[in-house]
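Try each task before reading its solution.

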Amino acid sequence: MIRRYRMSSIQFNWYNPMLLFIEQLLNGLQLGITLFLLSAGLTLVFGIMQVINLAHGSFYMIGAYVGATVTARTGSFILGILAALPAAALAGMIVEVLVLRRLYQKDHLDQVLATFGMIMFFNELTRIIWGRQPLFMDVPPWLTGSIELIPGVPYPSYRIAVIAAGILVGGFLYLLFTRTRIGMQIRAGASNREMAGALGVNIRLLYTLVFGLGTLLAGLAGVMAGPILAVEAGMGESILILTFVVIVIGGIGSIRGALAGALLVGLVDTLGRAFLPIVLRLFLSAAYADGIAASMASMSVYILMATILVCRPRGLLPAHG
Amino acid sequence: MVLNRQTLAIATGAVFFLVLPGLAGLAEEPYLVTLFSRILIYALAAVSLDLMLGFGGMVSLGHAAFFGIGAYAVCIFSFHGFEGTPILSWPFQLDGNQSGLVLWPAAVLLSGAAAAVIGALSLRTTGMHFIMITLAFAQMLYYFFVSLEAYGGDDGISLFSRNTLPGIDLGNDIQFYYLCLATLAVFLFFFNRLIHSRFGMVIRGSKENERRMKSLGFPTFRYRLACFIIAGAGAGLAGALIANQTEYVSPGLMHWTRSGEILVMVLLGGMGTLFGPVLGAATLLLLEELLSIYTEHWMIFLGPFLVLVVLFARRGLYGMIAGSSGDHD
């Protein structure tokens, strides 16, 4: 379960509420960035190919496992990342060619069923290869310290590196879609598949590449989450559901929406966990307050999503077309 | 009744389920009775999902929530009944109970009420959003029960003994099996009447073309909501049965992978048919059971099997067995 590990890694600074708040804000930002890496790929696949891919979390898991293994063997985190990215992208492209390609014309229900089957396959495959015990990844030595971004708030360098990497990827995606030829082709393929095909774009190849890009981002999220969470079979599902919440909140198919949704979900989840117990303790006895706060915090993201869907059924920043 | 492949398939199935406890007794495998009780209960949940999925066109990925509510309702009531403590002392006194005559209708009512609230909010959306919002509500309830420490939280809660019913000993596995079979048969009969009634016509019509049904003057939202509630209540009844069968309830019952499994049962068997979900539940659970004899990594075979079913057996297993004379299309 994702919750437990995340809670243990939060450092509480009980003495100064303002500093605690900033710290939790950064934690929320870091979770939001991880979610963004996952949801960018998922929303692309949905927006362009109209496929619900429940197995997206599996590529996150593949990235984490390959990254953890290579890091443990070579001792280099960078090599771990460099191995995890192509592994996740390659696995994604193989799955696209073998299975997903046949699902584009089918309805959502078939896609849910087939990708549900793929989750089972990948979870069991990792159990066969790596066993049932979770793997633990160490934070690379050059990122173990902490940095005082704001005076008085020491913050782990590793988490700052994750945030920075996420911002870099976001910028890269923006440039890719707005400034390059392949980005233009992807957008053309999204708005009218036949027309783009008639104009000489190889749609099949393009879809495979887009899918590979999405799973590559999922793999990156996985390997970066490795040192923060435990690497285990099934780790993809707990984050997958949050990722779906993100893209539904943001508006399916919209990268900007994914960014907004990811940050919102990351902040609501993290701040809820940190501050709901404190707030509720003002009104209720401590044991009672903690129990209720824990359940409210876990539910908060889903409540947020239900509220947004009821008020704006197409999400906050819906894609055009 | 015309004798065709479909009637033959149904009759074979019915006879098989009726004589199963006898067969299990002959083979000296009493475990089979337990296994098939479980199959019947999941079949009930799958049939209820099929009502909204196959006939109403509402793809819900949160059906296990109602299953779990039914199970928890039974467990919490009989927990208090056993302890002799009230469930609520304010605003009114509500005592625990162990009688199935009280508990099972309560489970159905509670899950139906939950379905009414969730349905009223979810049915404002369609398509992918509907899938996701039902999923979100189910996860909300899942985390709610995880944090319910008084009733075991994450670890779940055990039932001290099965509920009581006049004239039936639920503790006896064979009697319990026949009760499940009878419940499923009654539900299937009710289901069959429902889909061929005016109500069922409207539901099926609004799946095909909602706009046309609206312009014909049908308040489709209300019909769909009623369908959602009936499906939720059916799953609640299945939940009440599973709580009695396993004598244990945990939040795992309402995890989203459970919703996925029920969905798989419906699709595997053939959605939009009466008996398809029963066949799907039996196939999936038996396949799990069989594969786990040979390997602990049975999911590595089950996963690709599901993919193959989607790619090559679109109408589900029931469509293959009953042929083109299936219920619909």
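**Exercise 1. With which residues is A:Gly272 in contact, leaving aside its neighbours within four places in sequence?**

Solution. Bear in mind throughout that this is a predicted model.

Step 1: once neighbours within four places are set aside, the contacts of A:Gly272 are A:Met296, A:Ala297 and A:Ser300.

Step 2: A:Gly272 belongs to helix 11 of chain A, which covers residues 255–281.

Step 3: judge its surroundings. A residue needs 20 or more other C-beta atoms within 10 Å to be called buried; A:Gly272 has 23 such neighbours, so A:Gly272 counts as buried.

Step 4: compare sequence and space. From A:Gly272 to A:Ile292 there are 20 residues in sequence, and their C-alpha atoms are 12 Å apart.

**Exercise 2. Take A:Gln50 and B:Glu247: where is each found, and what is the phi of each?**

Solution. Step 1: A:Gln50 sits in the loop between helix 2 (17–49) and helix 3 (56–74) of chain A. Its phi is positive, about 60°, although A:Gln50 is not a glycine.

Step 1: B:Glu247 sits in the loop between helix 9 (220–246) and strand 4 (248–249) of chain B. B:Glu247, also not a glycine, has a positive phi of about 55°.

Step 2: B:Glu247 has 15 C-beta neighbours inside 10 Å, so B:Glu247 counts as partly exposed.

**Exercise 3. How do helix 2 and helix 10 of chain B cross, and which residues make the contact?**

Solution. Step 1: recall what to look for. Two packed helices are described by the angle between their axes and the distance between the axes.

Step 1: apply that here. The axes of helix 2 (residues 31–55) and helix 10 of chain B come within 9 Å and cross at roughly 75°. Angles of 65 to 115 degrees count as roughly perpendicular, so helix 2 and helix 10 of chain B are roughly perpendicular to each other.

Step 2: name the residues. Helix 2 of chain B brings B:Tyr42, B:Ala45, B:Ala46, B:Leu49, B:Asp50, B:Leu53 and B:Gly54, while helix 10 of chain B brings B:Ile262, B:Leu263, B:Met265 and B:Val266. By class, this contact has nine nonpolar residues, one polar and one charged.

Step 3: look at helix 10 of chain B as a whole. Of its 14 residues, 13 are buried. From first C-alpha to last, helix 10 of chain B reaches 20 Å, close to the 20 Å expected. Just after this helix, B:Gly270 takes a positive phi of about 125°.

**Exercise 4. What is the angle between helix 2 and helix 11 of chain B, and how far apart are their axes?**

Solution. Step 1: the axes of helix 2 and helix 11 (residues 276–294) of chain B come within 8 Å and cross at roughly 135°.

Step 1: these two helices of chain B are therefore oblique to each other, and their crossing is right-handed.

Step 2: among the residues that meet are B:Leu35, B:Arg38 and B:Tyr42 of helix 2, and B:Pro277, B:Leu285 and B:Glu289 of helix 11. The contact of helix 2 with helix 11 of chain B divides into 11 nonpolar, one polar and three charged residues.

**Exercise 5. How many residues of each chain take part in the contact of the chains, and which helix of chain B gives the most?**

Solution. Step 1: chain B supplies 34 residues and chain A supplies 36 residues.

Step 1: on the side of chain B that touches chain A, helix 5 (127–146), helix 10 (256–269) and helix 12 (299–312) each supply at least two residues. Helix 5 of chain B gives the most, with 13 residues.

Step 2: by class, that side of chain B has 24 nonpolar, eight polar and two charged residues.

Key:
Residues numbered from 1 in each chain as written. Chains lettered and ligands numbered in written order. Predicted model: local features only at pLDDT ≥ 70, side-chain atom pairs only at ≥ 80, totals over all residues. Contact = placed C-beta atoms within 7 Å. Helix = DSSP H or I, 4+ residues; strand = E, 2+ residues; numbered from the N terminus. Nonpolar A, V, L, I, M, F, W, Y, C, P; charged D, E, K, R; others polar. Axes fitted to C-alpha atoms, helices over the stretch in contact; angles between N-to-C directions. Parallel < 35°, antiparallel > 145°, perpendicular 65-115°, else oblique. Expected span 1.5 Å × (residues − 1). Buried ≥ 20, exposed ≤ 12 C-beta atoms within 10 Å, placed from the backbone. Left-handed = near helix turned anticlockwise from the far one by under 90°.
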